[in-house]
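Hello,

Here is the structure I promised to pass on. Please open it alongside this message, and my notes follow below.

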Amino acid sequence: MSNKEVKAALKSAREAIRNKDYKEALKHCKAVLKQEKNNYNAWVFIGLSAAELEQPDQAKGAYKKAIEYEPNQLLAWQGLANLYEKSNQADVKGDLAEVYQKLLELYKSSDKQKWCDVCNKLAELYHQEKKYSEVAELWQKLIEMKQEEGAEKAELHQLWKKKIQFLKDSTQDQDNKTEQLLLSAFEHALNSADTVPGEDHQCLYKDFIQCLSKFPHEAAKLEKACKDMMALYPAVCYPLEVLCLHFLQSGDLSEEALDYFSRLLEMDESNGLGIISCGIKCLQEKKYREAIKNLTEGLQKTSQCPAAWHYLAEAYLRIHRHRDALQSCNKALQALITAEGPSLRWKNLILQLKAEALIKTADAGAAEEAIQALEQIVDASSDPVVLAVRGQAYLKKGLMSEASKVSFIHYSQKNYEQAEKSFLNAIERKAEAAEYHEFLGLTYWFMSDETRRDKGKALTQFLKAAKLDSNLGSAFRYMGNYYRDVAEDKSRARGCYKKAFELDGADEESGTAAVDLSMELDDMDTALSILNEVTAKVGSGAAKWALIRRGLYYLRTDQPTKAVPDLQAALRADPKDANCWECLGEAYLNRGSYMTALKSFRKASELNPELTYSFYQAAAIEQALGKYQGAIDAYQEILKKTEDYVPALKGNVSECESVNSSSLGTLWCFRP
């Protein structure tokens, strides 16, 4: 085939392609290749025809043959790009990117518009593949080319926005270079906006601030951007809200930060962050209950704020509501999962607070859980406060060797002289720690014969502890012990116990003492008020101590019908309490329910054979019911154990007279 015939065959192939007769085109091309196997156009036409006939492998091979012979010609590269773009196979994207890169090289000096089109396509492809660094660099080249060509400000503005669109949703996966290119794109886009202030510009500023908030190390830029936007858009709440959240998460509670919080609350009095800031201020001022109220209200509106949950937990811990503090710590840890910002710092603080709350609870496994929480703290071994908390956790769990570095170990081992030295050293380092003063007071309470006789030193420390922490219920309980057992001032002791119980409703010892002393002081109204408050808060059968005492109160005030249900509820909590059965028997007896009273006294006797009174009352009831032989047997049993128990002696004499004095004889015949 001559050159003239080759040209004619290629012309016929081109005409067949134009007429969509691709099989005919293939015939002409194959004829050409028999003569010239390296004919570039023949291979390109075969690639095009095979692609149209849905023979992608043959098309790909043909285009690659053409490129092999003429690597810097456009047609084969363009055809290969079209073939890959139509393919549904995921593995061709890498090949397509290489083709686009070659096309950019070929178009750069010949066709600027097509270069820009391919640049767009390659950027989209990189974006799909999450190759954000490549996207950023490629788009930067596009903008630079447009700038060299003298593009209008509006066109450049749209290009900067397009670059932002490519990169802003991928901040978690970006390296520092890509991050800086993104922030630079925002700055250029803001500076190139037509209308300032304007709606488009305002939305762009919000996106910029939102982006900056995802980069903890860009705190200075974030603060500046928020303040600049506030100056341009003073009526818009968003930048002020972000700035306040930034201050909150960074732990910055300076006067400047609090001033911005106040401005936010003035702008929107129902704003969650604004209300949270009020709570933080109250926490700083030691108004713990008010702090809890504001923080709780604010978190109902802004729940995903770990710092706010931490402050709420701290407020609860200050008033010794340990379970509420623990719950807030868990909420804070949950919020950290989705939080942006300095999360590691907050995680460490929350875990430490959680451990402190766990140590104060009486729950099974709390000490182990506290140790596990502390083990998650980064660099815990270099923090003396964390080490001290860890020591208390080990101590609670009974791991004495692990806890040996902590002052509390000496107290727990009754090594009071060493404990005194340790607590005095601790107070020297941290004089405002109420707990140290409380334990020093306890050390003095138990320390020696001298301090046992003179508890004044102990009282001084309890008073200091209560002054430093007015919510420390245990300090008031220990003062109550002093006034009751040492000073013998029942009225003052009752006041201390009542205060302790008001601070900690779970403090059964203080509640019991407050009620008992009120009854001893004949202040029945106060006793009943405390008991009613406790029983109203708990379910049936709970707070056994309060139920028993209220039952006894009703017995003492001649209200046995009211006493019965309380004593029954107490027995549901502890069916093996012999004393409670005895009290219930007394209530039934006073109500006139003799059979149920008899059963109750018998149950008490079964559970505790030493309860002589229950034996006697059971015998007395049998006597009253005319069951004389049973009564005699019961009186006999009592007299075997206690010969001079007068009520049984009297009961036995009565029974002898009632049955048959001639057959039973006198009282002595029944005694061994």
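Start with helix H23, where Tyr416, Ala419, Glu420, Ser422, Phe423, Ala426 and Ile427 are buried. H23 covers residues 416–429. Its 14 residues reach 20 Å from the first C-alpha to the last. That is close to the 20 Å expected at 1.5 Å a residue.

Keep in mind that this is a predicted model.

Now the whole chain. It has 38 helices and zero strands. Of its 672 residues, 47% are buried. The accessible surface comes to about 34700 Å², and 47% of that belongs to carbon and sulfur atoms. Take the contacts between residues at least 6 apart in sequence: 50% of them join residues at least 24 apart.

Next, helix H1, residues 3–18. Its 16 residues should span 22 Å at 1.5 Å a residue, and the end C-alpha atoms are 23 Å apart, which agrees. Which residues of H1 are buried? They are Val6, Ala9, Leu10, Ala13, Ala16 and Ile17. These cover an arc of only 120° around the axis, so they sit on the same side of H1. The face turned away from that buried side carries the exposed residues Lys4, Lys7, Lys11 and Arg18. The cover over the buried residues of H1 includes helix H2 (22–35) and helix H3 (40–52). Just after H1, Lys20 takes a positive phi of about 60°.

Helix H29, residues 508–520, comes next. Its 13 residues should span 18 Å at 1.5 Å a residue, and its end C-alpha atoms are 18 Å apart. The buried residues in H29 include Ser510, Gly511, Thr512, Leu517 and Met519. What covers the buried residues of H29? The cover includes helices H27 (473–485), H28 (490–503), H30 (524–537) and H31 (544–556). Just after H29, Asp522 takes a positive phi of about 60°.

Is Cys244 buried or exposed? Cys244 is buried, because its relative accessible area is 0% and buried means under 20%. Leaving out residues up to four places away in sequence, Cys244 touches Tyr260, Phe261 and Leu264. The C-alpha atoms of Cys244 and Ala257 are 6.9 Å apart, and the two residues are 13 apart along the chain.

Then the charges. A search of the whole structure finds 26 salt bridges. In one of them, the side chains of Glu369 and Lys354 meet at 3.7 Å, N to O. Glu369 lies in helix H20 (residues 366–375) and Lys354 in helix H19 (residues 343–360), so the pair ties together parts that are 15 residues apart in sequence. Glu369 is partly exposed at 34% relative accessible area. Lys354 is buried at 11%.

Asp523 and Arg494 also form a salt bridge, at 3.1 Å, N to O. This pair links distant parts of the chain, 29 residues apart: Asp523 is in the loop between H29 and H30, and Arg494 is in helix H28. Asp523 counts as partly exposed at 22% relative accessibility. Arg494 is buried, with a relative accessible area of 14%. Elsewhere, salt bridges that share partners join Glu223, Lys227 and Glu256 into one network.

Last, the surface. Tyr594, Met595 and Leu625 make a nonpolar patch of about 270 Å². Leu625 is in the loop between helix H35 (612–624) and helix H36 (628–641). Leu625 counts as partly exposed, at 36% relative accessibility.

Best wishes

Methods: Residues numbered from 1 in each chain as written. Predicted model: local features only at pLDDT ≥ 70, side-chain atom pairs only at ≥ 80, totals over all residues. Heavy atoms only, no water. Patch = residues over 30% accessible without salt bridge, like charges linked within 9 Å, V, L, I, M, F, W, Y side chains within 5 Å. Areas by Shrake-Rupley, 256 points an atom, 1.4 Å probe, with all protein chains shown as cover. Salt bridge = Lys/Arg side-chain N within 4 Å of Asp/Glu carboxyl O. Helix = DSSP H or I, 4+ residues; strand = E, 2+ residues; numbered from the N terminus. Buried < 20%, exposed > 50% of the residue type's maximum accessible area, 1.4 Å probe, protein only. Expected span 1.5 Å × (residues − 1). Arc of directions from axis to C-beta. Contact = heavy atoms within 4.5 Å.
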